[in-house]
Every structure is written in C-alpha cells, then in structure tokens.
Amino acid sequence: MSVTYDDSVGVEVSSDSFWEVGNYKRTVKRIDDGHRLCNDLMNCVHERARIEKAYAQQLTEWARRWKQLVEKGPQYGTVEKAWNAIMSEAEKVSELHLEVKASLMNEDFEKIKNWQKEAFHKQMMGGFKETREAEDGFRKAQKPWAKKLKEVEASKKAYHAACKEEKLAVSRESNSKADPALNPEQLRKLQDKVDKCKQDVLKTKEKYEKSLKELDQGTPQYMENMEQVFEQCQQFEEKRLRFFREVLLEVQKHLDLSNSPSYKNIYRELEQNIQAADAVEDLRWFRANHGPGMSMNWPQFEDEEWSADLNRTLSRREKKKASDGVTLTGISQTGDQALPHKHSSVSSYEKTQSYPTEWSDEEANNPFSSTDANGDSNPFDEDATSATEVRVRALYDYEGQEHDELSFKAGDELTKIEDEDEQGWCKGRLDSGHVGLYPANYVEAIQ
C-alpha cells in the first residue's frame, strides 16, 4: 500500500479514500480539467470545420476538372448529361459542407467559447475563482478533523514507543536474575525501570484512547462539512456535463446531412438525370449527325464555268468548323439534301473530330493549294499565317488521337505557334521538332 504525506497537516495518508486528509484535491482538480476540456472540445470542432472546408474545396475542384474533361472528351448525348450530373452533385454537396463548416464555427464553437467564459472566472494571481473557492471550502471543512487526527497519530506513536520500552525493561530484568555478577542495588534499579515503563504504558494508552474518542466524536461533523462542499462541486460539474451533451447534440444535427431536405433533393435529382440517359436516343442522334443519316452533296454535272474560289482545299482549321456550312465545289444543296437540325445537346465528340468537306482526285490540280503557279504562298490558307511563339508547360498527360496531334506528359514544355481556335485547339511544336495540335486547356503559359 502506497503511503503519501501531506505537508500542510503533517499526517501520513495511508489510503486512497476521499476522506483521507488532502484527497479532496482530485475533486478540486476536476474544475480545472473542465476548463481544459472546453478548450479540447473547441479544438475538436475547429478541426472538423477545417476538414469540412477542405472537402468542399476538393469536391469543387474535382467537379470543375472533370466537367472540362468530359466536355472535351468523346462522350455525347444524354449519357454526357448524366455524367455531368455527377459533377453537379459534387458542387451542390460542396455547398452543403461549407454550410456545415459555417454552422460548426459560428454556432457550436462560439457557444462553447461563451459558456466557458461565463462558467470560469480567471483571477489576477492565476487560476480560477471556482477552483479557489472549492479548495478553501474543503480545507476549512477538513482542518478541525485533520488536527484531531494529528493528535491521534502522535498519541499512538507515544503509546507504541512506551510498549516497546516496557518489553525491553522486562527482558533486561529477567536476564539480570540469572547474572550472579549483579548486586542487589542493580537488580533493584532494573525492577524500578520495569515499574516506570508500565506506568508510561498506562498513561500513553489512556491519552491515545482519549484522542481517538475525540476524533470519533468529530467525524460526523467532518463528513457533513465535506459532503456539503463536495455537492457544490458536483453541481458545477453537472452543469458542464449537461452543457457538453447539449453541444454534442447540436454538432450531430449539423453533421447529419441525411436529414437535410436539400441533401435528399440533390440525390433525387441526380437519380432522375441518370435515369434519363437513353442509349437509343444517343445512337439515333449519332447516326443523324455522324453516320449514314447525314446529308451528302453527291457529285453532279458541272459546266466549265465553275468557280475556282469554291474549289480550294480547306485548311485543317476550316475543316474543324463543322457548323460554318461551307459550300463544296460549287454544288448547291437541294431542299431534300439539307443537313438536319443540330441535336439540342452539343456533342463533345464533335469537338475533337474533323470531317473533310470535299473530295478531289488530284490535290495538285487545285489552283488554291499551298503554293500557286508562281510559287507564292496561298493567301487563303489560315495555317500559313505565323503567330507569336509562346513557351507553355503541360498541366496533364495527353495522348494524341490523330496523326496530326501531339502527345506529351504533365510537366513537359513545348512551344505554342498558333493561338486557340474556336474548337479549343492550339498548334504547337515539341522540342523534338514535331508540330501538331493539342487541347488548349491542357497547358499553361510559362511566366
């Protein structure tokens, strides 16, 4: 059994009981712990709010990036809409998590902070008023009893010492009787010593019993006073515990998005958008816009007086402008051959495809090819126009889908030699000298 010592009263503490002298300090320390626990709970809420904010930002960034990738990618039609609905869900959920963050900080965090300020009052000399009051209350209630206990311990010690001395005197007196060297005077002194020790034992025993009786008589009052101070500390702690329970319930309500009508609507709308994806409709649209359902300017007989201006070869950039409606080789479309109306959903597939709008047996016969008869450059070729070269750095990996597209890795540097066109493509040159097209939003200018 461990034994401690309280310097304030000079009495050994031989057990872990609350009633032992000085053991009330654990109850007093609980008040200081309550203040620290308020700080811990505020830190806990604050960290969770930071997590909610970071998650919301990650959702927003993820949705932005993938919206761009899906828009530039080959997916089309109603499935593209369903795919984009996933990113829209992320943006809406991001907003809800930002609201959770705001609720945690503006309501729960502030509520704990204000309660702590009202419950604990700091003193100029350090510590809290509530701690000092509890300490003083326990010390005052324990002081009379601790004094009597000290007397009991002292009388007990004296009694035990007297008993020990008596045993030694009796032992010496018994041994002296067998020793012929001792004279009667010495034997008499030993006998007197035994008698005196017996008297001391009786006196110390009487004093010990008397002090113990007085201690027993004061114990009920001591217990009553200690109970009274302890109950005051219990009431203070009860307020803190009930407040913590109330705050934690508020935190739970703010974190539980499953009961939020907005949260439920987000996923109800998401399910509707995905259910609306129609493979048959998408295939029908692709057939009409990129398959056998497209109109065709079939070759017709032409007079000699055809317009050379309309027989030129289109540049790569002009071929990409599918919506410009260029007339081919001077052949007019008939009413039945007119191109069908563009699908209401803009296809991202069109954004990366090019379709030749004329067909010629001999490119060399075209008077508006890259050089004319005199060797001069074609004034109608947009690609022949030089632009200011700019060094750029790749943000993402890109694998060319066509023979005239560049491939590169994130972090590679290349030179932009033509600005972005209407379809979001730039022409660039790799350090190896390879020239080709690449998506404009896959790179950034090097400062």
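Biologist: Not counting residues up to four places away in sequence, which residues does Ser211 touch?

Modeller: Bear in mind that this is a predicted model. With residues up to four places away in sequence left out, Ser211 touches Glu151, Val152 and Ser155.

Biologist: Where is Ser211 found, and is it buried or exposed?

Modeller: Ser211 is found in helix H4, which covers residues 184–255, and Ser211 is buried, with a relative accessible area of 7%.

Biologist: What does the side chain of Ser211 reach, and what joins it to the side chain of Ser155?

Modeller: The side chain of Ser211 reaches the backbone oxygen of Tyr208 at 2.9 Å, and a polar contact of 2.8 Å joins the side chains of Ser211 and Ser155.

Biologist: Then let's look from the other end: which helix does Ser155 lie in, and does it count as buried or exposed?

Modeller: Ser155 lies in helix H3, residues 129–176, and with a relative accessibility of 5%, under the 20% cut-off, it counts as buried.

Biologist: And which residues is Ser155 in contact with, leaving aside its neighbours within four places in sequence?

Modeller: Those contacts of Ser155 are with Thr204, Lys207, Tyr208 and Ser211. Ser155 and Lys210, for their part, are 55 residues apart in sequence, while their C-alpha atoms are 9.2 Å apart in space.

Biologist: Changing topic, how many disulfides does a search of the whole structure find?

Modeller: The search finds 0 disulfides. As for individual cysteines, Cys38 is buried, with a relative accessible area of 0%, and Cys197 is buried as well, with a relative accessible area of 3%.

Biologist: OK, on to the overall layout: how many helices and strands are there in the protein, and in what order do the elements run?

Modeller: The protein has 7 helices and 7 strands, and from the N terminus on its elements run β-β-α-α-α-α-α-α-α-β-β-β-β-β.

Biologist: What is the order of the strands in the open sheet, and which are the edge strands?

Modeller: The open sheet has 5 strands in the order E6-E5-E4-E3-E7, with antiparallel pairing. Its edge strands are E6 and E7 (443–445), each of which pairs on one side only, and the twist averages 45 degrees from one strand to the next.

Biologist: How many bridges join E5 to E6, and what is the bridge partner of Gly428?

Modeller: Strand E5 (residues 425–430) is joined to E6 by 5 bridges, and the two run antiparallel; the bridge partner of Gly428 is Gly436, in E6. In the hairpin of E5 and E6 there are 4 residues between the strands, and Gly433 takes a positive phi near 100 degrees.

Biologist: Why is E6 largely enclosed by the rest of the structure?

Modeller: Strand E6 (residues 435–439) is described that way because 4 of its 5 residues are buried.

Biologist: And how do E3 and E4 pair?

Modeller: Strand E3 (residues 390–394) and strand E4 (residues 413–418) pair in the antiparallel sense over 4 bridges, and the bridge partner of Val392 is Leu414, in E4.

Biologist: Last one: what percentage of the residues of the protein count as buried, and what does its accessible surface come to?

Modeller: Of the 447 residues of the protein, 33% count as buried, and the accessible surface comes to about 29,200 Å², of which 51% belongs to carbon and sulfur atoms. Among contacts between residues at least 6 apart in sequence, 70% join residues at least 24 apart.

How values were computed
Residues are numbered from 1 along each chain as its sequence is written. This is a predicted model: local features need pLDDT of at least 70, side-chain atom pairs count only at pLDDT 80 or more; totals for chains, interfaces and linings use all residues. Side-chain values use heavy atoms; hydrogens and water are left out. A disulfide is a pair of cysteine sulfur atoms within 2.5 Å. Buried means under 20% relative accessible area, exposed over 50%, partly exposed in between (1.4 Å probe, protein chains only). Contact means heavy atoms within 4.5 Å. Two strands pair if DSSP finds at least two bridges between them. Accessible areas come from the Shrake-Rupley method with a 1.4 Å probe; for residues, only the protein chains shown count as cover. Axes are lines fitted to C-alpha atoms, for helices over the stretch in contact, and angles run from 0 to 180 degrees between N-to-C directions. A polar contact is a pair of N or O atoms within 3.5 Å; within protein, one must be able to donate a hydrogen and the other to accept it, and residues adjacent in sequence count only if both atoms are side-chain atoms.
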